[in-house]
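Okay, thanks for coming, everyone. Let me put the structure up on the screen and walk you through it.

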Amino acid sequence: MSQPQARRAKPQDCEVAIIGTGPYGLSLAAHLAATNVRFRIFGQPMALWRQHMPKSMMLKSNGYASNLSAPDGRASSLKAFCRLSGRAYSDLNVPVSLDTFLAYADWFRQRHVPDLDERMVAGLDRDEHGYLLTLEDGTRLRAAQVVMAVGVTAFAHMPAALAALPAHLASHTFDHRTVDQFKGKDTVVVGAGASAVNLAYELLEAGAAVTLLARGPCISYQGLPNPKALSPFELLTNPPAPFGQGWKSLLVARLPQIFYRLPRHLRSRAIRSHMHPAAGWFMREKVMGQVPELLGQPIAQAWEDGGKAHIALGNGREVVCDHVFAGTGYRMDLNRLGFLSARVRQAIARTGCTLNVSARFETDLEGLYALGPLAMENFGPLLRFVCGAAFAAPRLARVLKRRVLLARIEARLRDMASSLAQRLQDALA
């Protein structure tokens with residue numbers, strides 16, 4: 001009598017699951033679509049940009065640094081889309097509007113990722129058979145490998161002092177696509193970066209009284225990008241980069257593999273130096289001299305009184321307003337990724353609430369990868385910007401393709417060994 005076959009691993013619903021449909025998720029999907037890897041991608045496409053950015057916003061990145069990544073390269077670039085759609089475009093001197101960028105992303109998605117699943121991932125766990133994903137409607141599926149390309153949606157940072165205010169008096173810039181409801185209101189925007197400056201302008205245009213409040217001594221704006229106006233000496237000593245200016249910025253942008261090899265303290269210092277707040281060059285004339293500023297003043301305390309927000313500054317001054325907006329950026333915190341199970345989160349958490357990834361973007365759990373801002377601590381500021389997708393997406397796609405191929409070979413060898421063993425048993429029976 002033949003013996004029962006050895007217990008086999010349960011089949012996977014897909015070989016790779018991508019969580020996130022922003023620039024990094026779409027770019028990775030585009031590269032995987034050019035292979036025979038069976039993958040699925042989940043999420044509402046470009047939700048951060050579509051639902052949480054001011055509607056008239058201009059991207060801080062230049063045109064040439066605002067491309068999603070695909071195997072056909074320039075044919076799927078922002079420049080190619082603008083040429084086909086008749087939109088204004090320049091590598092440097094024409095700001096990219098949010099409307100143009102979203103239209104470009106939709107065109108890119110239809111071109112490369114038409115089968116995107118817009119359901120959100122509500123849960124991610126792991127067992128001996130692989131990764132188990134639970135979707136928002138309760139559907140469950142398995143994946144052999146999972147990529148987290150979640151962007152910054154979950155990581156909006158609200159300063160502790162402002163967090164004490166009720167929601168009707170304080171919110172993050174992340175929460176506002178439009179601000180028309182604040183017409184005629186006294187408002188304060190806290191921060192000195194692009195998010196704060198962009199929202200301050202939106203409020204001004206909507207008819208609100210708005211003040212910019214920052215702990216730093218000034219509001220910084222990017223310089224007008226015009227390499228042709230630079231002398232050969234300036235180009236040599238202070239070259240332009242996709243973000244920032246100078247050799248350090250250029251090397252950080254062009255050599256993320258080298259950045260990965262740097263000691264942790266040098267990586268942290270480089271990230272801090274490149275992530276300082278600055279608004280786009282095109283916002284200077286719209287905001288400077290138009291919006292009152294309170295600079296060099298940290299917030300000591302904030303409270304509600306008489307239906308108003310009261311803000312005590314470091315110099316003892318008190319500011320009263322109808323609403324305060326925190327344009328205070330984003331901080332990576334794995335505890336805020338609600339879809340991660342406790343065991344997955346504990347397995348990948350490293351320093352504080354951040355994670356560490358390998359040179360192949362793999363976390364401490366085999367088969368779980370991270371792209372975009374989640375990998376910034378290892379690969380540098382490049383992974384915080386759209387242009388980083390051109391570095392990360394094709395590399396991870398190659399890693400996943402190799403892993404999938406090896407898994408298929410191993411599965412085939414197991415099947416052959418099991419079949420051979422069964423035949424031998426039958427022959428000896």
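So, to start: in what order do the five strands of the open sheet come, and is the pairing parallel or antiparallel? One thing before I get to that: this is a predicted model. Okay, the order is E6-E13-E7-E8-E9, and the pairing is parallel. At the edges you have strand E6, residues 170-172, and strand E9, residues 293-295, and each of those pairs on one side only. From one strand to the next, the twist averages 20°.

E6 is joined to strand E13, residues 323-326, by three bridges, and the two run parallel. Now look for helix H6, residues 194-206. H6 lies across strand E7 (186-190), strand E8 (209-214) and E13, and against E8 it runs at about 165°.

The order is E10-E11-E12, and here the pairing is antiparallel. Strand E10, 299-305, and strand E12, 318-321, stand at the edges with a single partner strand each, so one side of each has no neighbour in the sheet. Neighbouring strands here are turned by 20° against each other on average, ignoring direction. Between strand E11, residues 308-313, and E12 there are four bridges, and Ala-312 stands opposite Glu-318 in E12.

Okay, salt bridges. How many are there? The count comes to 13, and I'll show you a few of them. Take Asp-106 and Arg-50, where the closest N and O atoms are 2.8 Å apart. That pair links distant parts of the chain: Asp-106 is in helix H4 (residues 98-112), Arg-50 is in helix H2 (residues 47-52), and they're 56 residues apart. Asp-106 is partly exposed, at 25% relative accessible area, and Arg-50 counts as partly exposed too, at 28%.

Next, Arg-142 and Asp-127, which meet at 2.7 Å, N to O. Arg-142 lies in strand E5 and Asp-127 in strand E3, residues 121-127, so this pair ties together parts that are 15 residues apart in sequence. Is Arg-142 buried or exposed? Its relative accessible area is 13%, so Arg-142 is buried. Asp-127, at 27%, counts as partly exposed.

Then there's a network: Arg-40, Asp-117, Arg-119 and Asp-137 are linked by salt bridges. Within that group, Asp-117 and Arg-119 have their closest N and O atoms 2.7 Å apart. Asp-117 is buried, at 14%, while Arg-119 is partly exposed, at 23%.

Now over to the surface. Leu-236, Trp-247, Leu-251, Leu-255 and Ile-258 form a nonpolar patch there, and together they have about 500 Å² of accessible area. Trp-247 sits in helix H8, residues 247-254, and with a relative accessible area of 42% it's partly exposed.

Last stop, a loop. Gly-138 is in the one between strand E4 (130-135) and strand E5 (140-148), and it's partly exposed, at 44%. If you draw a line from the C-alpha of Gly-138 to the C-alpha of Ala-33, you'll get 26 Å, for two residues that are 105 apart along the chain.

That's my tour, so let's open it up for discussion.

Note on methods: Residues are numbered from 1 along each chain as its sequence is written. This is a predicted model: local features need pLDDT of at least 70, side-chain atom pairs count only at pLDDT 80 or more; totals for chains, interfaces and linings use all residues. Side-chain values use heavy atoms; hydrogens and water are left out. Two strands pair if DSSP finds at least two bridges between them. Axes are lines fitted to C-alpha atoms, for helices over the stretch in contact, and angles run from 0 to 180 degrees between N-to-C directions. Contact means heavy atoms within 4.5 Å. Patches are made of residues with over 30% relative accessible area and no salt bridge: like charges are joined within 9 Å, nonpolar side chains (Val, Leu, Ile, Met, Phe, Trp, Tyr) within 5 Å. Accessible areas come from the Shrake-Rupley method with a 1.4 Å probe; for residues, only the protein chains shown count as cover. A salt bridge is a side-chain nitrogen of Lys or Arg within 4 Å of a carboxyl oxygen of Asp or Glu. Buried means under 20% relative accessible area, exposed over 50%, partly exposed in between (1.4 Å probe, protein chains only).
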